[in-house]
Amino acid sequence: MGRLRSKTIQVSTYEYVLNYLEKAAKIIDLDPNVLKILKEPRKVTMVNLPIQMDDGSFQVFTGYRVQHSIVRGPGKGGVRYHPGVNLDEVKSLAAWMTWKCAVLGIPFGGAKGGITCDPKKMSPHELERLTRRYVSDLMGVLGPEKDIPAPDVNTNEQTMAWMMDTYCMNTGQYTSSIVTGKPVVLGGSRGRHAATGNGVGLSVREAANMLGMDLSKCTVAIQGFGNVGSFSALSLVSLGAKVIAVSDVNGALRNKKGLDVEALIKYTKENNGSIVGFPGAEEFDPQKLLRCKCDILIPAALENVITAKNAGSIKAKIIGEGANGPTTPDADEILFQNGVTVIPDILCNAGGVTVSYFEWVQDRMGYFWSEEDVNHRLEEHMVRAFNDVRRVAREHQCSLRMASYVLAVKRVSDVLLMRGVYA
Ligand code: NAD
């Protein structure tokens, strides 16, 4: 990951998470006692991490690990390094992981972590010390059967390698299943890097089929051209669609005839991650990306970018949420009224956690699958989840987002009631 320079969330995103949970609870007539339990994260850990900087001075960084639910399996979720990391954000991301794993039917609960820091201003050695101290302080919380971290914004395979090594040094055992998103040589899964984008492509394909749209005649606009945006673009092109506009933090590009996505990815690798200056495309105002004329819109950068202010001017028929939480609840309502099909984040971008699950399974077996095998299983999981959500949407006459929440909350609460509340 690593290139997201997102703005800090100003609103309480956790309020948004609760809003959908409460609506889903009403639809399934959820026991109010169970709702009370699901509204609160199960465990919140905060650590203050004193780190010696390269100049010899010490700085204290605040880190979090939130386990929203471990009812359906061990906690699962990434660790984000960003100056804007705060408890509200980590709680929201942890709850989304609970619902995402439940929608996909994978045996994990939901967790998330973060450290408030500016990794762009830190050296690799400082980041290594910070990562190792974070894991050391959380030894009682993390574990392959307890809570399994992964990369998120500004953390990557190297961060996961340090996390795994620190955990193994502390336990004296080789336990590659403690983290996912590792380098393949350390027990990472083939296909993990492209998994979220491939999952976005597959869920858009299913939505297009549902609406009777021919993908080979569809145009696509993508906000964000990092891991999720670029692999979503590649996947959609391989499915026959034409990517006509993309933006990143530096600018926006368009070409009505279709952008050469492979060439653009190569260009960004050679230009410090930026799309600006790519030949064969015209630059335009990035503010207009979300409103541009296209059939499919993929927000793949930031939270809370589709709001009540701009939702009414969106022209796309399908929105595939590559990012977590790109649409505010009031915007979601407007899009639903306007007949726009939104594939919600907890379904659309779940390809990443699905292949993380495959990685955990492979590590525990000590036997590793081919990339074709991983991609085939990913497709099976994404299509099954899409069909489950579609069935619930039909049954309750609601949006795919509401249906995803209904499905997830039902799956989590059924297991919770079956296990009973240990009080
Ligand atoms: P990344 O850092 O690789 O890429 C982010 C992209 O967004 C970059 O191209 C950046 O330039 C762009 N961007 C930043 N600010 C922007 C702005 N104001 N306007 C337009 N573009 C802007 O991050 P990523 O891994 O692709 O993650 C993107 C989103 O997807 C995040 O919300 C993340 O939580 C979510 N997500 C990622 C994964 C995964 O496996 N990588 C899985 C699920 C969800």
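## Legends to the close-up views

**Both faces of strand 10 are covered.** I296 and I298 are buried on one side, and L297 and P299 are buried on the other. Buried means under 20% relative accessible area, exposed means over 50%, and partly exposed lies in between (1.4 Å probe, protein chains only). In a regular strand, side chains alternate between the two faces of the sheet. The model is predicted: local features need pLDDT of at least 70, side-chain atom pairs count only at pLDDT 80 or more, and totals for chains, interfaces and linings use all residues. Residues are numbered from 1 along each chain as its sequence is written, and side-chain values use heavy atoms, with hydrogens and water left out.

Strands are DSSP runs of E with at least two residues; helices are runs of H or I with at least four; both are numbered from the N terminus. Two strands pair if DSSP finds at least two bridges between them.

**Strand 10 runs parallel to strand 6 and to strand 11 (residues 318–320).** Strand 6 is joined to strand 10 by 4 bridges. Here A221 has L297 of strand 10 as its bridge partner. Strand 10 is joined to strand 11 by 2 bridges. I296 stands opposite I318 in strand 11.

**Helix 7 (residues 227–238) is mostly covered.** Its 12 residues reach 17 Å from first C-alpha to last, close to the 16 Å expected at 1.5 Å a residue. The expected span is 1.5 Å times one less than the number of residues. Of the 12 residues, 9 are buried: N227, V228, G229, S230, F231, S232, A233, S235 and L236. They pack against helix 6 (192–211), strand 6 (219–223), strand 7 (242–248), helix 8 (261–270) and strand 10 (296–299). Contact means heavy atoms within 4.5 Å. G240 follows helix 7 and has a positive phi, near 105 degrees.

**T196 lies in helix 6.** At 9% relative accessibility, T196 counts as buried. T196 touches V228, C348, N349, G351 and G352, leaving aside residues up to four places away in sequence. T196 and M213 are 17 residues apart in sequence, and 23 Å apart in space, C-alpha to C-alpha.

**Helix 6 packs on helix 11 (residues 351–365).** The angle is about 140 degrees, and the axes are 7 Å apart. Axes are lines fitted to C-alpha atoms, for helices over the stretch in contact; angles run from 0 to 180 degrees between N-to-C directions. The two helices are therefore oblique to each other. Angles under 35 degrees count as roughly parallel, over 145 as roughly antiparallel, 65 to 115 as roughly perpendicular, and the rest as oblique. The crossing of helix 6 and helix 11 is right-handed. Right-handed means that the near helix is turned clockwise from the far one by less than a right angle, and left-handed means anticlockwise. R192, A195, T196 and G199 in helix 6 meet G351, G352, V355, S356 and E359 in helix 11.

Strand 3 (residues 75–82) and strand 5 run parallel, joined by 5 bridges. G75 stands opposite D147 in strand 5.

**Helix 12 (residues 371–396) crosses helix 13 (residues 400–419) at roughly 105 degrees.** Their axes come within 8 Å. That makes helix 12 roughly perpendicular to helix 13. F386, D388, V389, R390, V392, A393 and H396 in helix 12 meet L400, A403, S404, V406, L407 and R411 in helix 13.
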